[in-house]
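Trainee: Could you take me through one part of this model closely? Then set it beside whatever else is worth a look.

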Amino acid sequence: MALLTGTIAVLGSIFFTPFLMLLLCIIFLASIGKSIGVRRLYIKLLLMIFEYGRANIETAQKNAGLALPAESEDESHGSSNKTAVTSQQPQINGMKKTDVVLTNGNTISRDDKHILVPDLKNGSDDEATVDKDDFDLSNCFDYIKAGMEAIIEDQVTSRFEAEELKNWNLMTRTNRRYEFISWRLTVIWMCGFIIRYCFLFPLRVVICFFGICWLVASTGLLGTIPDCLVKRHLNYWCYMVAFRVMARALSGTIYIRNKHFRPKCGGVCVANHTSPVDVLILSTDNCYSLIGQRHGGFLGVLQRALARASPHIWFERSEVKDRHAVARKLKEHVSNPSNPPILIFPEGTCINNTSVMQFKKGSFEVGSVIYPVAIKYDPRFGDAFWNSSRYSMMQYLYMMMTSWAIVCEVWYLPPMHQKEGESAIDFANRVKGVIAKQGGLVDLVWDGQLKRVKPKKEWMERQQEEFSKRLKVE
Amino acid sequence: MGNRSSLLLREEEISQLQQDTGFTSNQIERLYSRFTSLDRGDYGSLSREDFLRIPEIAINPLGERIVNSFFEGDTGDRVNFRQFLSVLAHFRPVKKNKENKNNSREQKLQFAFKMYDLDNDNMITREELLAILHMMVGANIGEEQLSSIAERTILEADEDGDQKISFEEFCKALQRTDVEQKMSIRFLS
């Protein structure tokens, strides 16, 4: 027993100093905003290992005779434009991601007109000009086929679950198909497991803890200073340092593009939402004011800390329902040109980063300049999506910290203004389209709230209306 | 997190399903992955709510009818993977020069016929036709006009004068429709 404690004491003292040095080094680098490239090297190494793993799996499957060549189901009927819904993956730092990731949308080929959407364009077809046909027994075939296609693969339900990877990235949680492939792969997986859980995880927890302490301490100190230019500059610096340290806690490798379009004070920044980590990612490069529901627990601590040093908008749940209060506070905030840009996620909920869903019009009615930002995560290194119905915040953070890394690309897009006579909804859709295009995401009209609520009856009535328009009646 | 891997399909099951339905093993795997993701509670079977949770089905005017087609016969309130596959097998494209067990033209027509024939008596009556029309047009067309549409449709298809459409009359009325294309779903792999 004494021997054990003795060994632990010796090991502790041997590792303590280098550990402390490592910590100080990380914090110093975070404060000046530079990186020595350790994480990028790490990413490159991981990619080589994944490639090796993939080749290994393929040879093993071939040997076992499992991978049968797919029968050609091609009976191409006619020339109707069938769109296979894919999304082009952007390049990350010169590494082409050709078909490494399987986006949901590749099972069947769907004809555009068979995909039902909720809000068909109002009044697109005048009653008089539509070709009307008599009712035929085959009229329901279209609906049946659309329904069956939707059952096999639809555009919406897959967005609320983690994206499926085409090739395994050596983590148990993404393993859906393989039981045992080969000894070499198992050994690699074991090593990866040990590294992630026994080495990276404790390190990351310590760094994260330090980051949070820094945030709470610095904002506490800043809270005592009255509002002035010095305070704002200090807040800018402390805020970014805190989040840079926390980003390192997740091995966050962030590639930022178009830095000249970085959001400026007095504007509104909108981005697609995947998880609360989005805030962390964006905050490593710029200071924002945040808006959201007041939380308890871990997030609540951060929220209160932040509110001491700079203006943020935190709502009680009951107030969220009062849209006027939200709009009013928002207007107040952006009318002051010295306030940091306010960061809003108009989708209102977390989506799995393969698509952009309906933007709520509230933030587009304020009348200020909009800075769109597109965020795209690389899912091979760790899935950033927070499935709030399945995992709590703590579970999610645990999974984040035991992933390989969080790798993402951020694009700042040129600022946009509402055009003359353009409604808030059209403006929102325009911004959404721009973000989707840049990030290589699918642009959907569906509401992200479908995660929790049922579709509205009006949408079905719209479909019925459309059908009735085409029916000839005496 | 670990429940997915415990529901992996066995090889023997896959080859059995291949034989019965005609899907390739790739397609069966993808459909199984879809089945498990629709199965929210991890029961190994799907209920009507699981289907209706798909927004595109919920707004489809014939959505409920389509979902019911999975629950035909004695399957009770839940559908397992085998039953799920056997219904979808009807929508495989027709292959020339190969045996088409579940997806021949006649089988596809049979499936469509069952959509209309609510009480499964092998006859489409005027009321059943009206019911489907109601589902498809909602409140946008008046009762009288719908009735006349239904009557005219039956008149055109009915040959033996019993004011109902039998399966043979149904097939004859759809002679010139490209059923193979309209009721087939093309897989990408």
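**A helix and its neighbours**

Mentor: Start with helix α10 of chain A, residues 393-401, where A:Met393, A:Tyr396, A:Leu397, A:Met399, A:Met400 and A:Met401 are buried. Keep in mind that this is a predicted model. An α-helix has 3.6 residues a turn, so residues three or four places apart point the same way. Look at A:Met393, A:Tyr396 and A:Leu397, which are among the buried residues of α10, with that rule in mind.

What do the buried residues of α10(A) pack against? Three helices of chain A take part: α4 (183-223), α6 (277-283) and α7 (297-309). Strand β10 (406-412) of chain A is a partner too.

A:Lys259 sits in the loop that links β3 (252-257) to β4 (268-271). Its relative accessible area is 46%, so A:Lys259 counts as partly exposed. A patch needs over 30%, and A:Lys259 qualifies on that count because its value is 46%.

Next, chain B. Eleven helices and two strands make up its secondary structure. Read from the N terminus, the order is α-α-α-α-α-α-α-β-α-α-β-α-α. The C-alpha trace spans about 55 × 40 × 30 Å along its principal axes. Chain B has 189 residues, and 50% of them count as buried. Take the contacts in chain B with a separation of 6 or more: 56% are between residues 24 or more positions apart.

Chain B carries 25 positive and 33 negative side chains. The centres of these two sets lie 9 Å apart.

Finish with one residue of chain B. B:Ile14 belongs to helix α1, residues 11-21. Is B:Ile14 buried or exposed? B:Ile14 is buried, because its relative accessible area is 11% and the cut-off for buried is under 20%. Leave out residues up to four places away in sequence, and B:Ile14 touches B:Leu9, B:Ser25 and B:Ile28. B:Ser148 gives a sense of distance: 134 residues along the chain separate it from B:Ile14, and their C-alpha atoms are 50 Å apart.

Terms used: Residues numbered from 1 in each chain as written. Chains lettered and ligands numbered in written order. Predicted model: local features only at pLDDT ≥ 70, side-chain atom pairs only at ≥ 80, totals over all residues. Heavy atoms only, no water. Helix = DSSP H or I, 4+ residues; strand = E, 2+ residues; numbered from the N terminus. Buried < 20%, exposed > 50% of the residue type's maximum accessible area, 1.4 Å probe, protein only. Contact = heavy atoms within 4.5 Å. Lys, Arg positive; Asp, Glu negative; His and termini not counted. Charge placed at Lys NZ, Arg CZ, Asp CG, Glu CD.
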